[in-house]
Amino acid sequence: MSSKNNNKLNVPEARAAMDKFKMQSASEVGVNLKEGYNGDLTSREAGSVGGQMVKKMIESYEKSL
């Protein structure tokens with residue numbers, strides 16, 4: 001099994017916006033996210049950041065309907 005990271009954005013120019021969005025979401029749920037490596041986060045902390053991001057994306061989509 002390869003440990004290569006396969007997380008690729010469809011629009012590479014969106015990386016800065018996604019990083020900013022991730023930092024904002026982490027702040028909202030109280031997770032101390034730092035630039036670069038965050039492998040010291042627990043699964044719960046990392047999951048709460050991802051969950052917050054999905055929640056905000058769904059809210060944004062629903063508002064656009």
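The lining of the largest pocket divides into seven nonpolar, five polar and four charged residues. Here Ala, Val, Leu, Ile, Met, Phe, Trp, Tyr, Cys and Pro count as nonpolar, Asp, Glu, Lys and Arg as charged, and the others, Gly among them, as polar. The model is predicted: local features need pLDDT of at least 70, side-chain atom pairs count only at pLDDT 80 or more, and totals for chains, interfaces and linings use all residues. Numbering runs from 1 along each chain as its sequence is written, and side-chain values use heavy atoms, with hydrogens and water left out.

**The chain overall**
- The chain has two helices and zero strands. Both are DSSP runs, numbered from the N terminus: helices are H or I with at least four residues, strands are E with at least two.
- The C-alpha trace spans about 40 × 30 × 20 Å along its principal axes.
- Of the 65 residues in the chain, 15% are buried. Buried means under 20% relative accessible area, exposed over 50%, and partly exposed in between (1.4 Å probe, protein chains only).
- The accessible surface of the chain comes to about 5,600 Å², and 53% of that belongs to carbon and sulfur atoms. Areas come from the Shrake-Rupley method with a 1.4 Å probe; for residues, only the protein chains shown count as cover.
- Among contacts between residues at least 6 apart in sequence, 38% join residues at least 24 apart. A contact means heavy atoms within 4.5 Å.

**The largest pocket**
- The volume of the largest pocket is about 470 Å³. A pocket is an open set of points on a 1 Å grid over the protein atoms alone, where a 1.4 Å probe fits, with protein on both sides within 12 Å along at least five of seven lines. Points are joined across faces, edges and corners, and the volume is the space filled by probe spheres set on them.
- The pocket is lined by 16 residues, and N7, R15, D19, K22 and M53 lie nearest its centre. Lining residues have an atom within 4 Å of a point.
- Helices α1 (15-29) and α2 (43-64) are the elements that give two or more residues to this lining.

**The nonpolar core**
- The largest nonpolar core has seven residues: F21, A26, V31, L33, L41, V49 and M53. Such a core is a set of buried Ala, Val, Leu, Ile, Met, Phe, Trp, Tyr and Cys residues joined through side-chain atoms within 4.5 Å.
- Again, α1 and α2 are the elements that give two or more residues.
- In soluble globular proteins, nonpolar side chains tend to be buried together.
- Beyond four places in sequence, V49 touches K22, S25, A26, V29 and V31.

**L33, in the loop**
- L33 sits in the loop between α1 and α2. It counts as buried because its relative accessibility is 14%.
- Leaving aside neighbours within four places in sequence, L33 contacts K22, M23, A26, N38 and L41.
- L33 and E45 are twelve residues apart in sequence and 9.4 Å apart in space, C-alpha to C-alpha.

- M23 lies in α1. With a relative accessible area of 28%, M23 is partly exposed.
- Outside four places in sequence, M23 is in contact with L33, K34 and E35. M23 and K34 are eleven residues apart in sequence and 8.0 Å apart C-alpha to C-alpha.
- K56 belongs to α2. At 25% relative accessibility, K56 is partly exposed.
- Leaving aside neighbours within four places, K56 contacts F21, S25 and E28. K56 and N38 are 18 residues apart in sequence and 22 Å apart C-alpha to C-alpha.
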